[in-house]
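Hello,

Here is the structure you asked to look over. My notes on it follow below.

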Amino acid sequence: GGGEHLTCVLTLVTEEGDEDRLGKEALAFARGVGSDAATVSEARKCRHFRDGLLRGFAACNRLVCESSKRAGIRGKPAQLRRFTILVKQLSRESG
């Protein structure tokens, strides 16, 4: 109960010329959360990768709550709870 929930649509950094192979930053994140994912397809299915993202979102949610309380804002701010990782980068060409 209580509070609204937000959904996040993510794209991952990939290697130039290969939209599925994770780029350096995404690979570093994957290894940091115990994931062996090397591609976007693997990251989308990997429990460790997804759990790592959820932990990051939970930390952001806590910061937003603390900031809103300090600012004297009443009510609970919307919380990021759901996400999806897109297979390809968003662009005008891809829609």
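Gln79 counts as buried, because its relative accessibility is 7%, under the 20% limit. This is read from a predicted model. Gln79 sits in strand 4. Apart from its neighbours within four places in sequence, Gln79 is in contact with Glu4, His5, Leu6, Asn61 and Cys65.

Leaving out residues up to four places away in sequence, Ser68 touches Ile73 and Pro77.

On the cysteines: with a cut-off of 2.5 Å between sulfur atoms, the number of disulfides is zero. Cys8 is in none, and the nearest cysteine sulfur to it belongs to Cys60, 9.7 Å away. Cys65 is likewise in no disulfide; for Cys65 the nearest cysteine sulfur is also that of Cys60, at 11 Å. Cys8 counts as buried because its relative accessibility is 18%. Cys65 counts as buried at 18% relative accessibility, and Cys65 is also one of the contacts of Gln79 listed above.

Next, the core. The largest nonpolar core holds 16 residues, and those with the most contacts inside it are Leu10, Leu12, Phe49, Leu53, Phe83 and Ile85. Two or more residues of this core come from each of strand 1 (5-10), helix 1 (24-32), helix 2 (40-45), helix 3 (47-70) and strand 4 (79-85). Beyond its neighbours within four places in sequence, Phe49 is in contact with Leu12, Ala26, Phe29, Ala30, Val33, Ser35, Ala43 and Ile85. Two of these partners, Leu12 and Ile85, are themselves on the list of residues with the most contacts inside the core.

As for the overall fold, the protein has three helices and four strands, in the order β-β-β-α-α-α-β along the sequence. Its radius of gyration is 16 Å, well over the 12 Å that the globule rule gives for 95 residues, so the protein is more spread out than a compact globule. The C-alpha trace spans about 50 × 35 × 25 Å along its principal axes.

Some totals to finish. Of the 95 residues, 28% count as buried. The protein exposes about 6800 Å², and carbon and sulfur atoms supply 52% of that area. Among contacts between residues at least 6 apart in sequence, 51% join residues at least 24 apart.

Regards

Note on methods: Residues numbered from 1 in each chain as written. Predicted model: local features only at pLDDT ≥ 70, side-chain atom pairs only at ≥ 80, totals over all residues. Heavy atoms only, no water. Core = buried A, V, L, I, M, F, W, Y, C linked by side-chain atoms within 4.5 Å. Buried < 20%, exposed > 50% of the residue type's maximum accessible area, 1.4 Å probe, protein only. Contact = heavy atoms within 4.5 Å. Rg over C-alpha atoms; globule rule 2.2 N^0.38 Å. Areas by Shrake-Rupley, 256 points an atom, 1.4 Å probe, with all protein chains shown as cover.
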